[in-house]
Amino acid sequence: MFESITIPRKINQENLKKVFPFSFSGIDVKDIKKARERISLFELYQVECFKKGFNVREIIRNSSDIIDELMTIIWNSIIGSDSPHLALIAVGGYGRREQFLKSDIDLLILSNEEQIAPESKSKIESFISFLWDLRLDIGSSVRTVKETILASRNDITIRSNLLETHFITGSTEVYDDLKNSINTDGFWDNEKFFLAKYDEQNERYHSFRDTIFSLEPDIKNNPGGLRDLQVMQWLSLKILNAKENDTLFSVGLLSQSEYEEYLDCQSFLFDVRYAVHCNSSSNILRLDFQKIVSSMLGYGDEGNAPVEAMMRDLYRTFHRVKELNHIVLQLIQLQTHGYVGRDYAEPVFINRDFVQRGHYIDVLDQELFKSNPAKILELFITIATRPNIEKIHVHCLRALREGRRELKEPLITIPESRNLFRTILSMTEVAPKILNLMHETRVLSSYMPQWARIEGLAQFDRFHLFSVDEHSIRVIKNVQELAHSKLPEYQLFKSVYKRINDHELLITASLLHDIAKGRGGNHAVKGAKEAEQFCRLHDFSEYQTQMVSWLVESHLQFNTTATRRDITDIEVIKNFCYFVKDEEHLNQLYCLTIADISATNENVWNSWKDNIFKQLYQSVRFALSQETADIAASIKTKALDKQKTVMALLSTECNKSDLLRYIRQLPIEYFMHYQPEDISWHLKNILRYDSADKPLLLFSQTPNIGTELFIYSQNNSPMLFGNIAKTMASKELNVVSAQVFLTNKFHVLCTIMFQNKKGLPIDTERLNGLRKTILGKIEDTSTSFVLPKEKTERKIFDVPTRIVYLDSETDKQTKLEISTLDRHGLLARIGLTFAKLGYQISAARITTTGERADDYFAITDSNGLPLSLLQKNELSLELKAALDQI
């Protein structure tokens with residue numbers, strides 16, 4: 001028996017039509033202004049129905065009836081009550097009498113004539129035009145019965161909509177003609193219709209990344225959403241000839257319990273969709289109003305807990321709908337073909353418990369998982385050993401659902417299950433597929449309570465696209481997929497992956513890296529303890545246990561160091577070497593980090609980020625390989641090697657003595673950051689540049705990433721960086737990274753990577769104008785900066801400003817990290833605040849993660865010295881004051 005998932009919203013049991021009626025009776029269709037006002041009142045009325053607690057099924061049925069009344073009044077006024085050849089028919093959701101608040105009013109104006117008469121056409125045009133004048137969201141089509149049938153043959157959506165219609169007004173004879181024609185038209189035979197709907201559903205799933213766990217789900221179209229319920233109904237109507245009062249239970253597709261579960265899920269999704277429509281015209285439950293929706297649904301108002309509870313219930317509902325959908329689709333195939341899948345295959349008996357039916361695995365005993373729960377894990381081991389098994393047969397799925405729901409204890413408490421689970425982890429080539437299937441069937445939650453705690457756990461940021469559990473599964477998938485990727489930005493991953501000694505540890509760490517999220521505090525530290533207990537319980541060796549625990553605790557450190565520290569700083573490299581200890585730890589951590597980042601969303605990993613991570617990895621690996629040598633000396637040696645390469649590249653283009661003299665002015669950190677080709681491009685242009693009073697500005701384009709600006713200036717005014725950032729903000733350009741270096745003559749070399757509002761490089765034709773604007777503003781001495789009101793953004797997330805001064809073994813400069821909410825003009829305000837106090841930037845690293853900005857700076861005062869405690873306190877106050885204004 002299933003556990004009911006109910007909305008905590010209190011339901012008003014009164015009869016809606018009696019205690020809170022609404023009618024368009026008496027509306028004057030000749031007075032458009034008053035008619036619009038009446039329609040606006042109807043929209044407010046529908047919202048009020050929800051707020052008063054009426055059942056959503058009743059609300060949407062009532063709304064459908066009220067719209068029928070309105071359409072009839074307008075039809076009779078414009079077309080006339082005696083229209084022997086015309087009928088007005090509701091289709092789509094309106095046809096099902098499920099008229100949601102922001103749904104289109106889908107209409108079919110139908111004629112049973114061979115061609116619609118000109119006089120009728122004129123009236124119909126007036127009717128539709130009037131509906132648009134009333135600002136109603138309508139979807140309309142005008143056809144003859146014959147045209148409708150022909151159109152339905154070319155479009156499966158039209159054919160589906162015609163399965164659920166209702167008559168509004170006009171000629172009932174015309175409506176009867178349509179129904180008779182639909183029933184006798186044999187174009188969409190059952191087989192063709194089923195395959196079309198099956199393929200259509202798969203394409204829809206793909207468009208939602210084949211997951212129910214999107215952080216901003218579409219309540220209607222998401223896998224497991226309302227559309228899945230509608231597909232089940234369409235198939236029963238078309239293939240099993242279900243009548244209006246038939247149910248999926250009465251036609252034999254679902255058991256009584258499954259049908260009750262179907263209705264339970266439908267009610268839940270109805271409520272959520274209606275609450276979404278009270279806040280948006282779309283079906284997407286967006287992050288910016290999830291708190292409002294959770295409150296409307298009765299989950300509460302304090303903090304993020306109500307949203308977390310709502311999203312967990314929503315994901316569980318999606319999961320149930322998706323399972324029920326798969327059950328119905330397979331049962332229809334069994335009833336019509338006698339087998340599931342596109343082609344019949346003879347059953348292959350694997351052992352006394354399992355049989356393979358085509359690409360599906362089935363059980364021989366429906367009570368197997370109830371009588372022996374460890375067989376649940378054996379099911380997945382069997383799938384792992386037979387690569388051509390892709391799915392779970394309906395009989396097996398039903399047995400698995402029942403067995404899973406009747407478990408008295410988590411499967412992890414059974415020694416045999418633990419041995420089987422460890423075997424799955426060791427099968428590193430197929431582990432991603434099997435763990436994903438265990439996740440989709442909720443077996444992972446049945447196996448370990450820790451997973452159940454993160455299942456459907458929402459993440460409140462713009463960085464992640466998925467819930468914590470789905471993200472973790474995608475990290476595991478990435479471990480294998482990236483190891484075989486042909487994309488250039490993953491070639492280092494492929495190389496490092498091959499060097500790893502024990503891939504099972506990487507799979508295990510990927511599974512557990514976020515296992516302690518949602519418990520407050522540092523999830524990595526708490527997760528490390530969970531990982532250690534998990535490994536000991538599953539008989540990992542002491543070394544393996546410590547490695548997995550360390551990876552879980554450290555899984556954020558590579559990213560933090562690469563993106564939020566100056567990785568050209570020898571001290572940073574040296575500290576990271578001490579942190580990872582040896583190359584195996586480095587390799588495991590690097591691969592876990594890349595797989596983790598790439599699983600957040602498909603846009604976050606790119607060649608630019610690959611270059612930063614590659615720089616850190618190679619610097620640390622090189623330093624670790626120098627067993628007896630000093631790390632700083634080793635890095636200097638590597639920098640000298642780059643200098644020699646640059647000299648060779650520019651040997652025919654630049655004077656050797658001039659080149660050598662300038663190279664000696666550059667800090668070692670500069671050579672650590674850039675590749676020889678980049679350095680050669682910089683130096684070649686610097687040596688040719690003869691204007692000391694204006695900076696040199698160069699642009700380069702990185703496809704799909706952004707535009708890089710290189711600046712060389714002999715004037716190291718504190719205003720330089722702030723003025724450039726201010727110009728970028730005024731042009732609505734987004735700075736994604738910045739590096740600043742000073743030569744020993746205090747000349748500035750700076751590179752800034754930036755994008756347009758769509759996250760793409762700037763159009764080349766705009767660059768000359770941008771160069772002129774920057775040069776025109778470069779000597780601006782004003783430290784004030786005010787964004788136009790239309791460019792300010794609504795704050796959805798709460799990320800308080802935090803300023804941390806970093807410890808350093810050297811006292812040459814002050815290093816600080818500024819963490820705050822990312823907003824337009826943020827970098828300009830930071831840069832201008834430094835300039836206001838006369839502080840010089842000697843290094844910068846700009847990092848944006850979703851809605852959060854973590855920017856690193858190394859600065860000195862006007863005398864080139866690190867900041868005193870008094871200066872630090874003053875700077876912190878000025879920064880917070882400046883950033884809180886945005």
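Residues are numbered from 1 along each chain as its sequence is written, and side-chain values use heavy atoms, with hydrogens and water left out. Because the model is predicted, local features need pLDDT of at least 70 and side-chain atom pairs count only at pLDDT 80 or more, while totals for chains, interfaces and linings use all residues.

**View 1. Helices α27 and α28 cross at roughly 100°.** Here α27 spans residues 570–580 and α28 spans residues 583–598 (helices are DSSP runs of H or I with at least four residues, strands are runs of E with at least two, and both are numbered from the N terminus). Their axes come within 8 Å; axes are lines fitted to C-alpha atoms, for helices over the stretch in contact, with angles from 0 to 180 degrees between N-to-C directions. The pair is therefore roughly perpendicular, a label for angles of 65 to 115 degrees. Look for F576, F579 and V580 on α27, meeting H585, L586 and L589 on α28 (contact means heavy atoms within 4.5 Å). Five of the residues in this contact are nonpolar, one is polar and none is charged; Ala, Val, Leu, Ile, Met, Phe, Trp, Tyr, Cys and Pro count as nonpolar, Asp, Glu, Lys and Arg as charged, and the others, Gly among them, as polar.

**View 2. Four strands make an open, mixed sheet.** Follow the order β5-β6-β7-β8, with β5 (348–349) and β8 (391–392) at the edges, each pairing on one side only. Strands pair if DSSP finds at least two bridges between them. Antiparallel β6 (residues 354–357) and β7 (residues 360–363) are joined by four bridges, and Q356 has I361 in β7 as its bridge partner.

**View 3. M71 sits in the largest nonpolar core, which has 197 residues.** Such a core is a set of buried Ala, Val, Leu, Ile, Met, Phe, Trp, Tyr and Cys residues joined through side-chain atoms within 4.5 Å, where buried means under 20% relative accessible area (1.4 Å probe, protein chains only). M71, F127, F380 and L435 have the most contacts inside it, and helix α13 (residues 305–337) gives the largest share, 13 residues. Beyond four places in sequence, M71 touches L88, Y94, L107, F127, L131, L136 and I168.

**View 4. L659 is buried in helix α31.** The helix covers residues 656–663, and L659 counts as buried because its relative accessibility is 2%. Leaving aside neighbours within four places in sequence, L659 contacts M647, L650, L683 and L687. K684 is 25 residues away from L659 in sequence, yet the C-alpha atoms of the two are 8.5 Å apart.

Methods: Angles under 35 degrees count as roughly parallel, over 145 as roughly antiparallel, 65 to 115 as roughly perpendicular and the rest as oblique. Buried means under 20% relative accessible area, exposed over 50%, partly exposed in between (1.4 Å probe, protein chains only).
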